[in-house]
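Please find below a short note on the structure you sent. The points take the ligand site and then the packing of helices.

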Amino acid sequence: MQTILTGVRANEEPTLGNFLGAYLPMINLAHEHAEDSQVNFFVPDLHSFTTPIDHKKLYDQVIKGVKYYIAAGLDVNHPNVHIYRQSHVPAHAELAWILDCFTPFGEASRMTQFKEKGSEHPDAVTVGLFNYPVLMAADILLYDAKYIPLGEDQFQHLELARNIAIRINNKFDDEIFTVPAPEAEQVKFMHLEKGLRIRSLVDPTKKMSKSSENERSKISLNDDPKHAAKKIMSATTDSEGVIRFDMINQPGISNLLQIESLLAHRELQDVISDWAGQTSYGDLKHKVADSVEHFLADFQEKVANISDEDVESILADGEKYANEVANAKLHKVQKYVGLRK
Ligand code: ATP
Ligand code: MG
């Protein structure tokens with residue numbers, strides 16, 4: 001059985017953009033493949049402090065992140081769906097060390113994300129940040145994962161994981177690791193050609209981002225529903241005066257139509273037809289504000305109904321499974337590198 005694996009960092013409060021653009025598509029993939037694949041959702045909590053964070057909050061954020069997946073509809077009771085924390089499967093860190101020793105420093109140094117985040121100020125970034133793509137390779141290779149739904153910014157790290165797997169397989173002349181599918185195949189698998197970008201409510205030429213400091217630009221999943229509705233009412237639009245779906249000339253209006261279609265579970269084309277030619281931006285905003293308010297109220301109620309104990313028990317099951325699979329792989333690798341007989 002093939003394995004699909006995806007990890008979700010839980011450092012900041014996710015937005016409606018993350019929900020519609022990442023959570024829902026991943027959960028749909030899980031539904032689509034749970035019968036023919038192992039579906040691993042893991043929380044990369046060791047990755048959480050490659051950059052400074054408030055450590056007092058981390059544990060609760062991890063638990064909340066899991067609740068969000070369950071509330072969004074992930075079928076955690078399916079026998080092939082597993083949720084676990086990276087930190088609770090020690091084989092991740094152990095394999096990362098071994099992989100480190102099979103990763104040329106030059107190759108790791110070419111990772112553009114690290115270069116962008118501050119190789120100019122080497123004392124301001126950690127070795128952890130430099131090394132995290134190798135830990136990510138371990139996250140993937142321990143489970144022989146073939147498909148890893150991830151954002152475009154992660155494709156270079158996926159390529160690194162592939163290179164490490166191929167290098168070790170060649171060195172020991174055996175199929176020790178499954179080599180993850182290359183980028184083009186991943187894109188196809190994720191149906192990424194349909195990929196969508198929810199826009200900022202303040203500047204709709206930009207995407208909505210959870211790290212944005214402008215609260216008005218984004219709907220966070222823990223926003224008060226009424227307050228979120230107000231943000232929609234004051235979203236930036238344009239002065240064309242007629243409702244049309246046109247991401248270039250009317251990105252604000254188009255963004256609202258897009259959000260409405262996703263929250264109402266209706267085809268975008270149908271929503272566009274409903275509003276085509278109408279002139280009251282206020283009416284459209286009211287409709288979308290209402291949908292957002294209802295969505296958040298419902299989602300937050302679902303989250304509130306999941307107890308910490310439920311999450312701990314789901315994680316305990318997932319971590320039992322993950323430790324079994326990961327330890328078996330780690331032992332195999334330890335034999336090849338001469339650590340075990
Ligand atoms: P940051 O500002 O920290 O980069 P972000 O909101 O861009 O945060 P990421 O953690 O970078 O979120 O991405 C998490 C997932 O959410 C990725 O799969 C990404 O493609 C998706 N995503 C992020 N923003 C949007 C958006 N506005 N619309 C649709 N999908 C999005
Ligand atoms: Mg981002």
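1. A residue counts as near a molecule if one of its heavy atoms lies within 4 Å of it. On that basis, 13 residues surround ligand 1, the closest being Ile198, Lys207, Met208, Lys210 and Ser211. This is a predicted model, in which local features need pLDDT of at least 70, side-chain atom pairs count only at pLDDT 80 or more, and totals for chains, interfaces and linings use all residues. Residues are numbered from 1 along each chain as its sequence is written, chains are lettered from A and ligands numbered from 1 in the order in which they are written, and side-chain values use heavy atoms, without hydrogens or water.

2. The shell around ligand 1 holds four nonpolar residues, five polar and four charged (nonpolar: Ala, Val, Leu, Ile, Met, Phe, Trp, Tyr, Cys and Pro; charged: Asp, Glu, Lys and Arg; polar: the others, Gly among them).

3. Ser211 places a polar side-chain atom 2.4 Å from an oxygen atom of ligand 1. A nitrogen atom of the ligand lies 2.9 Å from a polar backbone atom of Met208. The protein covers 73% of the 590 Å² of accessible area that ligand 1 has on its own (Shrake-Rupley method, 1.4 Å probe).

4. Helices here are DSSP runs (H or I, at least four residues), numbered from the N terminus. Helix H9 (residues 225-233) packs against helix H12 (residues 281-304) at about 155 degrees, with axes 8 Å apart; axes are lines fitted to C-alpha atoms over the stretch in contact, and angles run from 0 to 180 degrees between N-to-C directions. H9 and H12 are therefore roughly antiparallel (over 145 degrees).

Technical notes:
A polar contact is a pair of N or O atoms within 3.5 Å; within protein, one must be able to donate a hydrogen and the other to accept it, and residues adjacent in sequence count only if both atoms are side-chain atoms. Helices (H or I, at least four residues) and strands (E, at least two) are DSSP runs, numbered from the N terminus. Angles under 35 degrees count as roughly parallel, over 145 as roughly antiparallel, 65 to 115 as roughly perpendicular and the rest as oblique.
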